[in-house]
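Subject: Structure for you to look at

Hello,

Here is the structure I promised to pass on. Please open it and keep it beside you while you read my notes.

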Amino acid sequence: MKLVLFALRRPTTVSVAVLAILICGWFAIERTAVDIFPDLGEPTIYIAQPYGGLDPAQMDGFTTYYYEYHLLYVSGVKQIESRSVQGAALIKVSFHPGTNMSTALSEVVGYANRSRAFMPPGAVPPFITRFDAGSVAIGQLVFSSQTRSPAEMQDFAINRVRPLFATLPGVSAPPPFGGSQRTILVRLDPEKLRQYRIAPEEAIRAVSTANVVAPSGVVRTGDLTRIASTNSTVGGDLSELANAPVRMGPGTPVYFRDIGSVESGSDVLTAHAHVNSKRTVYIPITKRADASTLAVMKRVREALPSFQKIVPEDVSVSIEFDQTPAVESALKNLLNEGLLGALLTGLMVLVFLRDARSALVVLTTIPVSLLSSVIALWVSGQSINLMTLAGLTLAIGVLVDEATVEIENIHTEMSRGTSRSEAILAACQRTALPRLMSMISILAVFVPAFFMTGAGRQLFVPMALAVGFAMIASYLLSSTLVPVLANSFLKPHAAKPEPAYRIAYRRLVEGIVSARWLVAAIYVGICAVGLWLLPDRLGLEIFPSTAPKQIRLRLFAPTGTRIERTEIMALKALDLVRETLGKDQVSLTTSFVGQHASSYPVNLIHLFTTGPHEAVLTLALKASAKIEAADAREAIRAKLAKELPQVKVLFEGGDIISQVMSFGSPTPLRVLVTGPSLPADYEHAQKIATELKKLSFLRDLQIEQPNDYPTLEMKVDRDRAAQYGLTMQDVTRSLVAATSSSRFIEPNYWRDPASGNAFQVQVELPPLKVQSADDVAAMALSRAGSSQPLAGDVIAMKNGKTMGVIERFNGQKLVSVAANLEGLTLGRALPLVEAALKKAGEPPRGITVRVRGQAPALEETMAGLKFGLAVAVASIFLLLAASFQSFRLALVVLFTLPAIVVGSLMALLLTDSTINIQSYLGTIMALGIAIANAILYLSFAEAEGNVANAGAARLRAVLMTAFAMLAGVTPMALGWGEGSDQTAPLGRAVVGGLVAATMATLLVLPAIYSIFRKGTKA
C-alpha cells in the first residue's frame, strides 16, 4: 500500500520513471546481441594435429596417445575424444560447467607443448582453439572464376581475403575449403631417376642443400651498416633450382632439370569443393560462440566490397548459403506474434471491461514491462534469441493479469458507489497480497531452471529471466503506474446491480459444492485416464523438428575410392537429388569431396571427413519450396539406392537450427562401443548393428569407422637392403616422395618476391606416374656410389586392409554405430534401441556400450525439467502454506495442476506436436498462471467466507485473464510464419493447459475447496 500511496502522491515521478524506462529500453534493444539461440554446448577446446602421410594407426599411436595422456593433467576435464585419420588427428577436450576456460586453455597449450617432445621428428605444432556448439557456419564466402584454377583462388582466399575476413569482430574464419596450399613442386621423373641411378631420397637432400634459408646478417662498410643479402634462397626465377646440382663428383654432374621439373603449383590434391557443381574454393563463415549471428553476417556483407577489391577482376567473391534470413524470419515472426498477441489481449480486456480507457491503462503496462525486461536482459549479458523472445511473448498474457486484476477490482469497487480515489485504494489494498503471491508463484515455477544442468539450463534460464524480469516490472507498474493512470483517466460511475452472469455462476457453484464428492471423483478420474494414456501417444524429442530449407547428406563411396571417382559419384548424386526434389525447388548446391589437406587440420573441426571416398552435399531450397522433410529424405534414399547402389548415404542437419540443436552429433543416434581392444570393439559393434537393422524406424545405419580401408603393405627385407648398402631410413625416405611428399620430413621454403609470402618447397613423384604397385616397385633406391637396386628388390608388396579412422573416448578405443530416425521420435526410439542392445548380447569383459548422439542431451534435459517441475511444485506448496497458514488450502491449489498437464498434452496430441523443451516450458508456464488464478480465487473465498460469493466476484477477472492470455499466445500456437515450428509447441501447450486450468478453477476448485475446508458455505 505504501507503494500505491507514493505513486498517487507523486504521479510526475512515476511518469518520469516510465519515460526513463522507454528511453533506456530503446538503447538496450540497439545494443543487445541478437541470435537464434542463447549460448549452447559444454565448454570445449580442440587440438588439430597434422602430419602428412602418417596412416591412422601411426597418427593414433605417435600423436593422439601422447596428447590424451598429458591432457588428463588439465584441471576440469570432463572427457577427451579423438579421431585419427591419415595425415591428421583431432582431439576434443570437454570441460565441466563452471571451468575457467582461460586457465584451461593455457593449461592445454602447456601440456600440448610437452606432448610434442614425445612425437616423431617432423611433427609441427598443433592448432589449439575454442569451439562451442554455437560456432557453426552461418554462410559461405565463395570464390568463383571462369579463368582461374582452384589452386589460384585458394591462394587469393588465404593470403589476400582471409586476413581481412578473420579480423572482423565475432568472426572465426578457418582456412579455405576445396583447394590445396600453394607450394613449389620439384616433380621427379621415375624413368630419369632410374637412368641416372638417383633415388628420391637423394633428390630430397639435394633440395635442402640447394635452397638454404640462412640469416642475412650485416656488413659494416664505412659509415653504413649494410644487410648482407645472399641468393642462398632461390629467387623469383625457379630455373635457379632447376639448374642446381643433385649429384656432383666424378663423371657428369646431374641437375634437377635432368631428372624432373620445378614449378609453382599446389600441394597434393586431397579435396574438391563445388558450388552448383562447379569446382571452386570457399571459406565457411563461422562466428565465435559469444558473437551475434546477425551482427557477424552484417559485418561480412559490409566488408564484401573490400574483399572484391583485393582479388583480380576475373575472380568473384560472394556470400552463399546465408543462414541469417532464416534467423531473421524466425525472430521477426516471433516478434510479430507478440505484437498481434498484445493487440488481441487488449481486445479481450476491452470486451470484458467495456471501457476503452480501462483497456488502454492495461495495455500501457505491456510495452513498459517488456522494455524493462529487455533492459534487465541486456544488463545481465543475455541476448535476444528464440528463447528470450518466446518468454517475452508468453509474458504478454501474464503481464496483463496484474493490471487486469487491479482494474477489474477498481471497477467492482466503483460499481458499489465508491468514489474513484477510494475505489483505487480499496482495490489495491484488497489485491496487493494475492497479486504478490501470484507473481511469486509464477516466478517460483522458473526458479528451478537455475539448478538445472546441460542444455536444459542453457535454454531455460534465458527464458526464465525474460519472464521473471517482465513479471516483476508488471507487478511494480500495477502498483504505481496503474493507480496513477486510473486516477487520471477512469470515469466514476454510479452503483450498478449485480450482473446476471454472476448470479448464474453463484448458483452453479452452489450446485457444485452440493455435489462436491461427485465432481471431485469425475475430475480425478478424467485426470488419471489422461495422464495414463496421453504421454504414450506423444513423441519425445529435445527440440521441435522443422521443415527444412537446407538439406545436407553425406555420401560414402567404397572405402578408399580415389577422389576423382568420388567426385563423379557426388556430382551425379547432386543431379539425382535435384531431380527427386524438383529442379525448380533447389536454389543452390555445394559439395565438399575428399579429405582436408594436412596443412589445414583445423578444418576438420568444421567438417570432418575420413578420406577421399567421402563427400558432403548441401542443397538450399527456395523460399517457396513446400517439401515434407521425411518424405524428401525417403525419396532421396530410394533414388540413390537405385542409381548409385555402391554409395552409402547419411543425412545430417543442414540448417543452423538443426546443427546447433544436434549438440555436435551428426545423427540423433550413436551407439559407442569402447574398450582396450579395437578388434573386440569392432566385433561387438557388428553384432549391435545386426540387431539395430531389425528396427524399422532406423535409417542410414552404418559403422562409422571403416575397417576395410585398402592398403599396399610394403615389407622391407632388412638383410637384402643392407647388402645394397641401404638403411631403413634410405628406403622409407625414398618411398615418401612416391606416396606423399617431402613437406613434413624435410621442410624447405621459398619466398615469392612479388607478394613477399613464403611457401614450402616439396619433392614428389607426380601422382600420375605412380598408379600401381609395379610403379612403386620400379622406383630406384640407390645412393651415390652404390649398386642400383629397385624398390621391388628389397620390398615385398601385397594388398591389405586397415582401419580408415581410429577413435578414442577417454583413452579407450572406440567403434560407433550411427543411424537416423524416421517416423519415430528419439525419446520413443531409445527404449527400443536399448532392447536391441540387450539382444546383441553381453559385451565382452572390458568393453562398454553407451548410447550417445543426442540421447544424453535429451535425457539430461528432460530429467532436469522433471526435477525442476517437482521442485517448483514443492516450493509453491510451501509458499502457499505459509501465506494461507494452512497446508490444506495449499493442497487445494495444487489439485488444479493435473488438469493443466492433461490439457497441455491433449493440445499437443490434437496439433500433432511432440513433448519437447518448448512444449514442456509451455506447460510449466500454464501451471504458473493457473496457480496465480487459484490463489486469487481462494484469497477471495477466505475473505468472503463463502465460496459462491467469492467465485461470483472473481469470475470476470478469471475469465478475462484466461482469455487475454489465450489471445496473447494464440498467434504463436498457430505457427503460421517461417521458423514458427520452433515455438508453436510452446504456445499450444499454454493454450491447452490454460483452457483446462480455467475450467478446473471455475468448476472443480470450489468442490475441492469445500471438501478440504470444512464448514465452508456454499
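Start with serine 144, which lies in strand 5 (residues 137-144). One caution before going on: this is a predicted model. Serine 144 has a relative accessible area of 32%, so it counts as partly exposed. Set aside its neighbours within four places in sequence, and serine 144 is in contact with Met153, Thr280, Asp314, Val315 and Ser316. Now look from serine 144 to phenylalanine 887. They are 743 residues apart in sequence, and their C-alpha atoms are 73 Å apart in space.

Phenylalanine 887 itself has a relative accessibility of 55%, so it is exposed. The cut-off for exposed is over 50%.

**Aromatic rings**

How many aromatic pairs does a search of the whole structure find? The search finds 11. One of them joins phenylalanine 877 and phenylalanine 887. Their ring centres are 5.9 Å apart, with 35 degrees between the planes, and the pair is tilted. Phenylalanine 877 belongs to helix 28 (residues 855-884), while phenylalanine 887 belongs to helix 29 (residues 887-894). The two are 10 residues apart.

Elsewhere, ring pairs link several residues into a cluster. Its members are Tyr65, Tyr66, Tyr69, Tyr73, Tyr111 and Phe118.

**Charges over rings**

The charged end of arginine 182 sits over the ring of phenylalanine 759, 4.7 Å from the ring's centre. Arginine 257 lies over the face of tyrosine 255, and here the distance to the ring centre is 4.3 Å.

**A helix crossing**

Next, find helix 7 (residues 200-210) and helix 24 (residues 728-739). Their axes come within 7 Å and cross at roughly 80 degrees. Helix 7 and helix 24 are therefore roughly perpendicular to each other. Which residues make the contact? Helix 7 supplies Pro200, Glu201, Ile204 and Arg205. Helix 24 supplies Asp730, Arg733, Ser734 and Ala737. Sorted by type, the residues of this contact are 3 nonpolar, 1 polar and 4 charged.

Most residues other than glycine have a negative phi. Two residues here are worth checking against that.

Serine 277 is not a glycine, yet its phi is positive, at about 70 degrees. Serine 277 sits in the loop between strand 12 (271-275) and strand 13 (278-286). Its relative accessibility is 27%, so serine 277 is partly exposed.

Aspartate 700 is not a glycine either, and its phi is positive too, at about 55 degrees. Aspartate 700 is found in strand 20 (residues 698-703). Is aspartate 700 buried or exposed? Its relative accessible area is 12%, so aspartate 700 is buried. The cut-off for buried is under 20%.

**One last residue**

Finish at alanine 773, in helix 25 (residues 773-777). With a relative accessible area of 29%, alanine 773 is partly exposed. Leave out its neighbours within four places in sequence, and alanine 773 is in contact with Leu712 and Met797. Then trace from alanine 773 to serine 318. Along the chain they are 455 residues apart, and their C-alpha atoms are separated by 44 Å.

Best wishes

Technical notes. Residues are numbered from 1 along each chain as its sequence is written. This is a predicted model: local features need pLDDT of at least 70, side-chain atom pairs count only at pLDDT 80 or more; totals for chains, interfaces and linings use all residues. Side-chain values use heavy atoms; hydrogens and water are left out. Axes are lines fitted to C-alpha atoms, for helices over the stretch in contact, and angles run from 0 to 180 degrees between N-to-C directions. Helices (H or I, at least four residues) and strands (E, at least two) are DSSP runs, numbered from the N terminus. Angles under 35 degrees count as roughly parallel, over 145 as roughly antiparallel, 65 to 115 as roughly perpendicular and the rest as oblique. Contact means heavy atoms within 4.5 Å. Ala, Val, Leu, Ile, Met, Phe, Trp, Tyr, Cys and Pro count as nonpolar, Asp, Glu, Lys and Arg as charged, and the others, Gly among them, as polar. Rings of Phe, Tyr and Trp (its six-membered ring) pair if their centres lie within 6.5 Å; planes under 30 degrees apart count as stacked, over 60 as edge-to-face and the rest as tilted. Buried means under 20% relative accessible area, exposed over 50%, partly exposed in between (1.4 Å probe, protein chains only). A charge sits over a ring if NZ of Lys or CZ of Arg is within 6 Å of the ring centre and within 35 degrees of the ring normal.
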